[in-house]
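Trainee: I have the next model open and would like to go through it with you. Could we start with the backbone and work towards the core?

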Amino acid sequence: MKPEELTSFRMLLRLLQARLRGDVEQLQEEAFSSSEAGGDQRSSNHMAEMGSDAWDLDFALQLVENDQGVLDEISHALKKFDEGRYGLCEFCLEQGLPETKSRIPKARLQAIPHARNCVDCERKKELSR
Ligand SMILES: [Zn+2]
């Protein structure tokens, strides 16, 4: 994934996290003040370029509303950024697959930015439940 794309996903996750914690207004203020200062303008432009369909934040927020478990998942996903493992399927990695074969498809991350696993592994997990 390109660095700009990673930045966009990170921003989306932080927005979701802020919304779930109830401090989204503060975060939006932060985002605005930094773009006015010219600091973070590139990443917000990039998000707009990706199209509003893919970044339907309202839709995403509906899905995660009132779900404490999701907040944990988002924290986990943000930790994966720090470890340089964001966008990789944890299950595939556990099976010993190289990172190039463990990537979660971008379309899936756009739908569920905090997804831990690729679609195949998610299915396997559900079957074993
Ligand atoms: Zn997988």
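Mentor: Let us begin at the residue just after α5: Gly84 has a positive phi of about 70 degrees there. Please keep in mind that this is a predicted model.

Trainee: Which residue takes a positive phi just after α1?

Mentor: That is Gly22, with a phi of about 85 degrees.

Trainee: Stepping back, how many helices and strands are in the chain?

Mentor: The chain has eight helices and zero strands. Read from the N terminus, the order of elements is α-α-α-α-α-α-α-α.

Trainee: And α5 itself, what span should it have?

Mentor: Helix α5 covers residues 68–82, and its 15 residues should span 21 Å at 1.5 Å a residue. The end C-alpha atoms are 22 Å apart, which agrees.

Trainee: Which residues of α5 are buried?

Mentor: Glu73, Ile74 and Ala77 are buried in α5. They cover an arc of only 100 degrees around the axis, so they lie on the same side of α5. An α-helix has 3.6 residues a turn, so residues three or four places apart point the same way.

Trainee: What about the other side of α5, which residues are exposed there?

Mentor: Gln68, Asp72, His76, Lys79 and Asp82 are exposed on that other side of α5.

Trainee: What covers the buried residues of α5?

Mentor: The cover includes α1. Helix α1 spans residues 3–21, and its 19 residues reach 27 Å from the first C-alpha to the last, close to the 27 Å expected. Its buried residues are Ser8, Phe9, Leu12, Leu13, Leu15, Leu16, Gln17 and Arg19.

Trainee: Take Leu13, then. What does Leu13 touch, leaving out residues up to four places away in sequence?

Mentor: Leu13 touches Ile74, Ala77, Leu78, Pro113 and His114. Of these, Ile74 and Ala77 are among the buried residues of α5.

Trainee: On to the core. Which members of the largest nonpolar core touch the most other members?

Mentor: They are Phe9, Leu12, Leu13, Leu16 and Ile104, in a core of 14 residues. Both α1 and α5 supply at least two residues each to this core, and α1 gives the most, with five residues. In soluble globular proteins, nonpolar side chains tend to be buried together.

Trainee: Last topic: what share of the whole chain counts as buried?

Mentor: Of the 129 residues, 19% count as buried. As for contacts between residues at least 6 apart in sequence, 61% join residues at least 24 apart.

Methods. Residues numbered from 1 in each chain as written. Predicted model: local features only at pLDDT ≥ 70, side-chain atom pairs only at ≥ 80, totals over all residues. Helix = DSSP H or I, 4+ residues; strand = E, 2+ residues; numbered from the N terminus. Expected span 1.5 Å × (residues − 1). Buried ≥ 20, exposed ≤ 12 C-beta atoms within 10 Å, placed from the backbone. Arc of directions from axis to C-beta. Contact = placed C-beta atoms within 7 Å. Core = buried A, V, L, I, M, F, W, Y, C linked by C-beta atoms within 7 Å.
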